[in-house]
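Keep the 3D view open as you read.

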Amino acid sequence: MLDGLVKWARGKSPWVCHLNCGSCNGCDIEIVAALMPRFDLERFGVLLEGSPRHADVFLATGPMTRQIRDRVVRVYEQAADPKFVVAVGTCGVSGSPFYPGYNVLGGVDAAIPVDMYVPGCPARPDAISYGVLRLLATLDPKAEALVKEIEERYDTEGLVYTPEEMAQQRDPVEGARG
Amino acid sequence: MTASAVLYHPVVVFTLCMMAGWGVYALGRALAPASRVIGGKLKTYACGENVEGESFPTAYHLYHAAFIFTLLDVVALVLGTVTGTAIVWMVAAYLLVGLIAIVILFKD
Ligand code: SF4
């Protein structure tokens, strides 16, 4: 019963912390747009939190740069468990178009584990909302039903990728580069 | 001594409040997953910077005004919430401690 209570609470109030790893600010503005009344992520209990100590989900934007890497790892370590990371924007997903620049290590997953990828340059606010919802769906059955409803009504193909789906996407690119 | 007098006694109220706070803390502790102390988890959060504790000034030389305000604030709170004459000596003792704190604060 307690487990159910914890799961319910976690699914109903995922607090997010915005992490800029080296973004041009395009994706950051779209995150703000996703939180504002038009897209209104807050209706799902999502609250923007200043400190990672209080957050459950990191919304990470930008490529992972050499300068920021250690800081991002430290901030990630300082968040309470369980924690989730959503990589927002093509930079956050793969480091592109800046990878392989001399100071760019790749996407956000070059430093910390990522649970959901939202591509786009910049990522659209509705895609960010959908990505967070997909993440919530792993915690809250009601969010799962909502995700299914959204998928029936809209074309969500390619909006968001799980780590497994992303691995399938990446292989041909890596092969071509190799 | 009536039941309500016992219940409203400052020591009982304080103990009950402590127990309520401790209860909330214990519930959170029981529900939270076991803590994993990895890397800089226990370090001071400073937006990812690796700060050393020694680099912070620990003296309160800049906070005299805030300190005295807090002291007087708490003294006022204690005076304002005194419920009977029986604990007047407690208030007097508290004011004395407050006075000593202020003297120590401005000693230098
Ligand atoms: S994906 Fe585009 S908009 Fe987002 S941080 Fe990178 S360059 Fe900027």
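## About the model

This is a predicted model, in which local features need pLDDT of at least 70, side-chain atom pairs count only at pLDDT 80 or more, and totals for chains, interfaces and linings use all residues. Residues are numbered from 1 along each chain as its sequence is written, chains are lettered from A and ligands numbered from 1 in the order in which they are written, and side-chain values use heavy atoms, leaving out hydrogens and water.

## A crossing in chain A

Find helix α2 (residues 26-35) and helix α5 (residues 125-137) of chain A: their axes come within 8 Å and cross at roughly 70°. Axes are lines fitted to C-alpha atoms, for helices over the stretch in contact, and angles run from 0 to 180 degrees between N-to-C directions. Helices are DSSP runs (H or I, at least four residues), numbered from the N terminus. α2(A) and α5(A) are therefore roughly perpendicular (65 to 115 degrees).

In contact (heavy atoms within 4.5 Å) are A:E30, A:I31, A:A33 and A:A34 of α2(A) with A:P125, A:I128 and A:S129 of α5(A).

## A pair in chain B

Now turn to α3 (residues 64-80) and α4 (residues 88-105) of chain B, whose axes come within 10 Å and cross at roughly 175°. That makes α3(B) roughly antiparallel to α4(B) (over 145 degrees).

## Around the ligand

Which residues surround the ligand? They are A:S23, A:C24, A:G26, A:C27, A:T90, A:C91, A:G120, A:C121 and A:P122, each with a heavy atom within 4 Å of it. In chain A, α2 and α4 (89-94) each supply at least two residues of this shell.

Technical notes:
Parallel < 35°, antiparallel > 145°, perpendicular 65-115°, else oblique.
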